[in-house]
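I opened my notebook and picked a few things to look up. My notes follow.

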Amino acid sequence: MKGLTCIMTRRGRGFALKGLSAMLLAVGILLSLTGCARADARDAYERATDCLLAGDYEQAEELYRKVVDAGEFLPYAYRGLGLSYMYRAIYPEACVSFERCLLNVENEGAEFMRDANLYLAHCRELHAEEEKALDIYNTMLKKETDPEVLFLRGRLYLKNGNQEAARADFDKAASLSTDYNLYISIYQLYNEAHMDADGAEFLEMALAMAEQSEDADYSRGVVYYYLQNYNESKAQLMSALEKNPKNTDAMLLLGRVYLAMDDVANARAMFKEHIEDKDLAATSYNGLALCDIAEGQYEDALLNVRSGLAINDPKARQALQFNEIVIYENLHQWELAKTKAAAYVTSYPADEKGARENEFLNSRSMS
């Protein structure tokens, strides 16, 4: 998805992780550069990247290790190894891998180094090394005033209660960016910090920026969704679909709008349209599970979650796993909910909502 994927990625991961798509590009680059390099190392790299994209992180780690041991494609292999650890929440090893990636950089370019530094900062923060993460952002910003890095540093400042420094970074980032998703992401941070009044003006900025986007109807629909103006969001999304009936982003968001309006029947119809689309199936199953939860049909919701998880789509996995916890809670299957929550916070330690669920389940009696 265009807007929502970017937004949710910033929320769930801390910044716009672009590693998986970048790894695909790296495969093509390496194929053109290998020449006489050992074919087995190149093959291992390709298979490792396939595993990473498929969410098989342990196998990806094993294969990237083979590439590293062969001494081939070291910046790319160490970055892949770092991603394999990062997605399994093994942050000390992830930090080491990203550091080695940067140490072995030769001619990979500024964008490659930027991404590797952002991954390293992300893992530093989640490894309780926030000062080191801040140092990375400071160093990057001395070289280039990057709105994404300003956003990330501001997020870290806000997390640590430095509201003045956070606001300065957010204002600067907003002044440099034409991406309305960035404005929404800033609002979301304030919303999560229970500072909606501070974030509200960024939504208004997002709405003004959406007017200038290529797909303005869809973009306005996204912003109105976050403004909780669901009637206007619905109107904009339907207008977007009139112009482009194949706009799957608009269809899926419209399903969520219908849910927010308690129109479960129409929401279910929107999500059902995409069950046969392999790229959207897992997200659609998650939407159907939300419809089931809204109607109190928890057994059906669990079946839809399981169907979604079986597809093994990394883009939808986190939402599906969180909803699985919610379903088990509503089924009063407390031990299962507790087990699932413990696994969830291990995989997604930056998700405050998941942390609260885990804390709740650990604090209550399981009798």
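I began with the contacts of E329. Setting aside neighbours within four places in sequence, I found E329 in contact with W334, A337, E357, F360 and L361. The model is a predicted one, and I kept that in mind.

Next I asked where E329 sits. E329 belongs to helix α19, which covers residues 314-330. Is E329 buried or exposed? Its relative accessibility is 13%, so I wrote it down as buried. The cut-off for buried is under 20%.

Then I looked up the nonpolar cores. The largest has 97 residues. Inside this core, the residues with the most contacts are M86, F98, F170, Y180, I184 and Y218. I also noted a second, separate core of 19 residues. Among its members are A301, Y328, W334 and A337.

Last, I turned to the cysteines. How many disulfides does the structure hold? I found 0. C95 is in no disulfide, and its nearest cysteine sulfur belongs to C123. A disulfide needs the two sulfur atoms within 2.5 Å.

I checked burial for both cysteines as well. C95 has a relative accessible area of 1%, so it is buried. C123 stands at 0% relative accessibility and therefore counts as buried too.

Definitions and conventions: Residues numbered from 1 in each chain as written. Predicted model: local features only at pLDDT ≥ 70, side-chain atom pairs only at ≥ 80, totals over all residues. Heavy atoms only, no water. Helix = DSSP H or I, 4+ residues; strand = E, 2+ residues; numbered from the N terminus. Buried < 20%, exposed > 50% of the residue type's maximum accessible area, 1.4 Å probe, protein only. Contact = heavy atoms within 4.5 Å. Core = buried A, V, L, I, M, F, W, Y, C linked by side-chain atoms within 4.5 Å.
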